[in-house]
Amino acid sequence: MTEQELRQLIAGGETLSVEFKSDSPGQKSGLSDEELQDAVVCLANAEGGALLLGVEDGGTITGLHAKHQGRPANGISAYLRNVLQGSSRPEVQAEIVITSDGAVAVIQVSKASSLVSTSQGRMLKRRFDSWGNPECATIYPHEIPALLAVKRQYDHTQQPIRDLGFDALSLAEFDRIRGFVRRQPQADKALLELDNAALADALGLVQREGKEIYPTVAGILVAGDIAAIRAYIPGHEVGFQQLEADQDVTANDFYREPLLRVWELYENFFLNRNPQKELRFGLERMAVPQYPERAVREAFANALVHRDYTLLNAVYFQFKGDQLNITSPGAFMDGITVQNLLYAQPTPRNPLLADIFKRLGLVERTGRGVPRIFGDVLSSGRPAPKYKSDGNSVSVAIPGGEADVRFVEMVIRAQDEHQTMDWRHLMVMHHLSKARELSAQEAAPLANVEEAQCRNILEELLDWGLVERRRSGRNATYHLSSAVYQELNQLDEYERRKQAETDADEQWVINRIREHGRVKRSEVIKENRMEKGRAEYLLQRLRNEKKIVLVGRGQAAHYILPETNSG
């Protein structure tokens, strides 16, 4: 790392992945080995990052203390790798950067695949404090299961509850399980052939240890009685709320029932508040709900399956004006972010509970539920759902309001003809219907895809006749085709757009001749990024309208303005 690169890093200030540590070069002793270990463990148990030793909290470089200045960089690296404790130690790499204000040790720490501690057993993690500032905080014993779950090393719902026996599972809930299996088309129908004990074994509702049978956390959540849920899973709670635009609360109900009973309450609450609008499609009729039922179902199931049941926070299912918000306690799993949510390999926080929901037919078996949510919402002509996480919970906002009926019709026709049309195509089509014209570079971040992939999507839409391309190469822009504008009853808008494009192309040719005295057809194609057929049509029309004149033939042929020719 150069001094300039170091100063640029310092200029960004302290973050979750960058920490400054003073080494007190003017004092009797610099940063202690214990404090150095603390700082490295903090970064390793979070997202990893850079520890800058010899930099004050405010970003001033004061340099290294003599005891560290005498150590080689590889010695610091080896020391920290050896003293940290854990089943999988993080990679630590130090280097000394000499600046005009003193030497700085830049210690790069990788993210630990499992929790690590200092040689004294201290376990810490870098996080934001209540003011939004990064800090190094102690990890307490009750926080460890949740942190291990995020790292895919612990399933809380699989743990047995040894204070309880099989009788803690409710006979009524076993009947409810069978009812769900009968009603859900995707459910594992083989479960219907099992008695209660075999059904509990098959779903992982119990764990056997010798002759003893203990219910698992998942077992109590799915089939336990309310008393057991309240006593052993106090974090389980689901709130159903409805807030009007003026913030008046018209529904505010909270439940700690078993999960399948909660699911029935959700269906009743949601379906009674999800009006439908009838759409005529040729000779057929189709009901378009305010919120796509399959998308909401998948989002709510995810909130129950992926929540952190060690936290004392509720799952919220909340209507708020023309928007539906679903919030689930617990951070994203390691490697999952808002940016890669649609592409990352899905990994449940609670694998046992996720498997139960799949076998009961309540969640997408392929594990691609989030893309399905996006596709269903976008198919209605509404904006895409918005996910966010504050590190303590994950929420999704699903837009409602009036569906764009004509957009729905267009999507139905397109899906009938192009079975490969998915959420990515729909995302691009949605933004084109709003922005009117976009390049692949502009559309890529809107559709949450790479530019090259977005260009492929646009070219597919072009092949299907859903968009038209203006210009060629990397500067190409795209807009909806005349057929789609007609579907959306916006053909006048299409004609205005095409006329504006024609006027712009014509003006480019005229300005080019004025600047250079002439223009060749090859220059129109190359410099204006215009396709050959379009360029030829444009130049012929301008000749017919006597706005330009053709001079010469073959390779020497070029165009000039009429006044130039007459002179």
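**Entry 1: confidence**

What is the mean pLDDT of the chain, and what percentage of its residues reach 70 or more? I am working with a predicted model, and I looked this up before anything else. The mean pLDDT is 87, and 95% of the residues reach 70 or more.

I then asked which element of the chain has the lowest mean pLDDT and which the highest. Helix α22, residues 562-566, has the lowest, at 63. The highest, 97, belongs to helix α8, residues 217-223.

**Entry 2: overall form**

I looked up the secondary structure and noted 22 helices and 21 strands in the chain. The radius of gyration is 31 Å, whereas the globule rule gives 24 Å for 567 residues; the chain is therefore more spread out than a compact globule. I also noted the span of the C-alpha trace along its principal axes, which is about 105 × 80 × 45 Å.

For contacts, I considered pairs of residues at least 6 apart in sequence. Of these contacts, 63% join residues at least 24 apart.

**Entry 3: surface and charge**

How many of the 567 residues, as a percentage, count as buried? I recorded 48%. The accessible surface of the chain comes to about 27,300 Å², and carbon and sulfur atoms account for 47% of that area.

I next looked up the charged side chains and found 69 positive and 78 negative. The centres of the two sets lie 5 Å apart.

**Entry 4: Lys546**

I turned to Lys546, which has a positive phi of about 60° although it is not a glycine. Lys546 sits in the loop that runs between α21 (532-544) and β20 (549-551). Is Lys546 buried or exposed? I found a relative accessible area of 67% for Lys546, and that value is over 50%, so the residue counts as exposed.

**Entry 5: Ala384**

Ala384 is also a loop residue, placed between α13 (369-379) and β15 (386-389).

**Entry 6: Asp422**

I located Asp422 in the loop between α14 (405-417) and α15 (423-435). With a relative accessibility of 22%, Asp422 counts as partly exposed, since buried requires a value under 20%. From Asp422 to Val296 I noted 126 residues along the sequence and 18 Å in space, C-alpha to C-alpha.

**Entry 7: two residues in helices**

Where is Glu35 placed? I found Glu35 in helix α2, residues 33-44. Glu35 has a relative accessibility of 40% and counts as partly exposed. Between Glu35 and Lys21 there are 14 residues of sequence separation and 9.4 Å from C-alpha to C-alpha.

Gln4 belongs to helix α1, residues 3-11. I recorded a relative accessible area of 59% for Gln4, which makes this residue exposed. Finally, I looked up Gln4 and Lys434, which are 430 residues apart along the chain; their C-alpha atoms are separated by 43 Å.

Technical notes:
Residues are numbered from 1 along each chain as its sequence is written. Side-chain values use heavy atoms; hydrogens and water are left out. Helices (H or I, at least four residues) and strands (E, at least two) are DSSP runs, numbered from the N terminus. The radius of gyration is taken over C-alpha atoms; the globule rule is 2.2 Å times the number of residues to the power 0.38. Buried means under 20% relative accessible area, exposed over 50%, partly exposed in between (1.4 Å probe, protein chains only). Contact means heavy atoms within 4.5 Å. Accessible areas come from the Shrake-Rupley method with a 1.4 Å probe; for residues, only the protein chains shown count as cover. Lys and Arg count as positive and Asp and Glu as negative; His and the chain ends are not counted. The place of a charge is taken as NZ of Lys, CZ of Arg, CG of Asp or CD of Glu. pLDDT is the predictor's confidence in each residue, from 0 to 100.
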